Amino acid sequence: MADLHAYTDGACSGNPGPGGWGVLLRATEGARILKERELSGGEADTTNNRMELMAAIMALETLERPSALTIVTDSAYVKNGVTGWIHGWKRNGWKTSAKKPVKNVELWQRLDAAQARHQVTWEWVKGHAGHPENEKADELARAGMAPFKPGKDT
């Protein structure tokens, strides 16, 4: 049976500012790559955290059938949020422990719904540390952001 990994990353030029998200989806069997798919997109006015969330959401929403997969992110915000904080937020009506509204609540709710149909294992890797798949996801995120950067020569 193939192993499925989604390597995700978000990027932002200014925070807020133009941003992009990238995903490298890879199915492997042992050391052999069976299939790869690259996804990217962006927005004109966003934040890095929103783009990190969008990368994970798009990885999950792109899968046509329920799957077991590992999502590899360099965002502690996403990993800690989805594996820990989200449970309390849901119990508290999407409020933080300080009774404040959860930031990016619509994206957290979308991520929660997207992962519900899959068996997801979350892994964190250090960003910009030479991890080849994370570097590729970063490249895709920057490509997704490029059309939204002001002053871009065409």
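How many bridges join strand β1 to strand β2, and in which sense do the two strands run? In this predicted model, ten bridges link β1 (residues 3–12) with β2 (residues 17–29), and the two strands run antiparallel. Within this pairing, Tyr7 is located opposite Leu24 of β2.

The β1–β2 pair belongs to an open sheet of five strands, ordered β3-β2-β1-β4-β5, with mixed pairing. At the edges of the sheet are β3 (32–46) and β5, each of which pairs on one side only. From one strand to the next, the twist averages 20°. In general, the strands of a sheet pair through backbone hydrogen bonds, in either a parallel or an antiparallel arrangement. Parallel pairing is found between β1 and β4, which are joined by four bridges; here Thr8 stands opposite Thr73 of β4. The pairing of β4 with β5 is also parallel and extends over six bridges, with Leu69 having Val120 in β5 as its bridge partner. Of the six residues of β4, five are buried, so the strand is largely enclosed by the rest of the structure.

The protein chain as a whole contains four helices and five strands. Along the sequence these elements follow the pattern β-β-β-α-β-α-α-β-α. The C-alpha trace spans about 50 × 45 × 30 Å along its principal axes. Buried residues account for 46% of the 154 residues in the protein chain. Among contacts with a separation of 6 or more, 66% are between residues 24 or more positions apart.

Helix α1 lies across β1, β2, β3, β4 (68–73) and β5, and runs at about 155° to β1. Helix α2 also packs on the sheet, where it touches β4 and β5. The direction of α2 makes about 140° with that of β5.

The buried residues of α3 are Leu107, Trp108, Leu111, Asp112, Ala114 and Gln115. Viewed down the helix axis, these buried residues fall within an arc of 165°, so they line one face of α3. The general rule is that an α-helix has 3.6 residues a turn, so residues three or four places apart point the same way. Cover for the buried residues of α3 includes α1 (48–62), α2 (76–91) and β5 (119–124).

The face of α3 turned away from its buried side carries the exposed residues Ala113 and Ala116. Ala113, which has its place in helix α3, counts as exposed because its relative accessibility is 52%, against a cut-off of over 50%. In sequence, Ala113 and Leu60 are 53 residues apart, whereas their C-alpha atoms are 9.6 Å apart in space.

Several backbone features occur in the loops. Most residues other than glycine have a negative phi, and most peptide bonds are trans. A cis peptide bond is present between Asn15 and Pro16, with omega of about 15°. Pro16 is found in the loop that connects β1 and β2. Positive phi values occur at Trp94 and at His128. Trp94, a residue other than glycine, has phi near 60° and is placed in the loop between α2 and α3. With a relative accessible area of 18%, Trp94 is buried. His128, likewise not a glycine, has a phi of about 55° and has its place in the loop between β5 and α4 (132–145). The relative accessible area of His128 is 54%, and this residue is therefore exposed.

Terms used: Residues numbered from 1 in each chain as written. Predicted model: local features only at pLDDT ≥ 70, side-chain atom pairs only at ≥ 80, totals over all residues. Heavy atoms only, no water. Buried < 20%, exposed > 50% of the residue type's maximum accessible area, 1.4 Å probe, protein only. Arc of directions from axis to C-beta. Contact = heavy atoms within 4.5 Å. Pairing = 2+ DSSP bridges. Axes fitted to C-alpha atoms, helices over the stretch in contact; angles between N-to-C directions.
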